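This briefing walks through a few local features of one protein chain, grouped by topic. Please keep the sequence and the structure in view while reading.

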Amino acid sequence: MTTAIAGESVFAEANGLRHRVLRYGEPGSPDLLVLPGITSPAVTADFLAVLFAGWGYRVTVPDIRGRGETDRAPAGRYRLTDYAADVAGLVDALGLHRPAVVGHSMGARIAAAYAVRHAPQDHGPLVLVDPPTSGPGRGPYPTSRESFLEQLHEAQRGTTAEEVRRFYPRWPERELRLRAEVLASCDETAVLETHEGFEREDFFEYWARLTAPVLLVRGGDSPVVPAAAAEDLRSARPDIEILSVPAAGHMVPWDNLTGFLDTVRPHLLAAPQR
């Protein structure tokens with residue numbers, strides 16, 4: 001049985017690929033773009049998109065290249081520069097006006113790269129949720145490529161919510177079912193090249209160049225933005241607020257939705273309206 005979602009599915013051409021996006025909320029409302037993580041097609045953010053639409057936003061969630069129903073890219077084309085160019089192309093193709101951007105994990109890195117490379121002085125509010133702080137001169141990404149492959153191969157043969165729960169014990173049942181249904185739509189090359197990028201591409205280079213308004217949100221128990229990395233981020237950019245959500249690991253809104261919403265609500269509701 002397929003889990004029902006609320007978004008309207010549409011397609012758009014951007015940066016040489018055909019992208020599937022889900023859209024929520026009233027046309028003409030302020031735009032908000034949600035960018036999911038490494039193995040998270042757009043439908044996995046449905047629960048967040050519905051809530052953000054309830055805050056008065058027109059919400060857009062893409063299947064990132066190599067995931068869901070968006071085209072696969074050639075090998076070697078899953079770099080931050082490629083992802084950021086996709087976002088810029090979608091903003092243009094869909095007519096988004098200075099969208100607020102909420103990115104989680106890989107999506108947070110993409111949001112930062114998009115803002116720096118394509119809209120350095122003209123972006124809406126950025127909410128970077130637990131961006132991988134691994135990279136050159138830093139520790140490895142805490143989830144191994146083997147773990148990602150194990151989950152992906154289980155999904156390809158047909159997995160269940162109970163199997164998924166082994167990796168995400170804090171998640172609600174509905175989100176476990178959704179991941180079980182859609183994880184197999186993630187291309188293995190996309191996942192492996194992105195994981196390599198977590199350790200080869202330096203998030204701190206983008207962090208140093210971000211312009212306001214920006215908020216970074218980390219899970220209080222996250223191994224992806226551990227306390228030491230959070231201090232490094234603060235030292236590099238003391239002007240950017242960094243907030244921690246208690247009782248949450250890396251999958252912050254899935255682990256503690258109430259805490260996450262309480263943390264980001266003031267930032268997003270303070271965003272300028274059209």
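In this predicted model, Arg98 is found in the loop that runs between helix α2 (80–94) and strand β5 (100–104). Its backbone has a positive phi of about 40°, although Arg98 is not a glycine. The points below look at this residue again and then turn to other places in the chain.

**Backbone angles that stand out**

- Because its relative accessibility is 48%, Ala247 counts as partly exposed.
- The peptide bond that leads from Ala212 to Pro213 is cis, with omega near 0°, and Pro213 has its place in the loop between helix α8 (203–207) and strand β7 (214–219).

**Helix α1 and what follows**

- Helix α1 covers residues 46–54, and its buried residues are Asp46, Phe47, Leu48, Ala49, Phe52 and Ala53.
- In an α-helix there are 3.6 residues a turn, so residues three or four places apart point the same way.
- Just after α1 comes Gly56, which takes a positive phi of about 100°.

- Thr133 lies in the loop between strand β6 (126–129) and helix α4 (145–157).
- Is Thr133 buried or exposed? With a relative accessibility of 6%, Thr133 counts as buried, because the limit for that class is under 20%.
- When residues up to four places away in sequence are not counted, Thr133 touches Arg109, Arg138, Phe204, Val224, Val225, Pro226, Ala229 and Leu233.
- With one of these residues, Val224, there is also a polar approach, as the backbone oxygen of Val224 lies 2.7 Å from a polar atom of the Thr133 side chain.

**The annotated span**

- An unreviewed UniProt entry carries the annotation "domain: AB hydrolase-1", which covers residues 50–256.
- In the model, the end C-alpha atoms of residues 50–256 lie 17 Å apart, and this span is 45% helix and 12% strand.

How values were computed
Residues are numbered from 1 along each chain as its sequence is written. This is a predicted model: local features need pLDDT of at least 70, side-chain atom pairs count only at pLDDT 80 or more; totals for chains, interfaces and linings use all residues. Side-chain values use heavy atoms; hydrogens and water are left out. Helices (H or I, at least four residues) and strands (E, at least two) are DSSP runs, numbered from the N terminus. Buried means under 20% relative accessible area, exposed over 50%, partly exposed in between (1.4 Å probe, protein chains only). A polar contact is a pair of N or O atoms within 3.5 Å; within protein, one must be able to donate a hydrogen and the other to accept it, and residues adjacent in sequence count only if both atoms are side-chain atoms. Contact means heavy atoms within 4.5 Å. UniProt positions are given in the numbering used here, feature names are shortened, and annotations may be inferred rather than shown by experiment.
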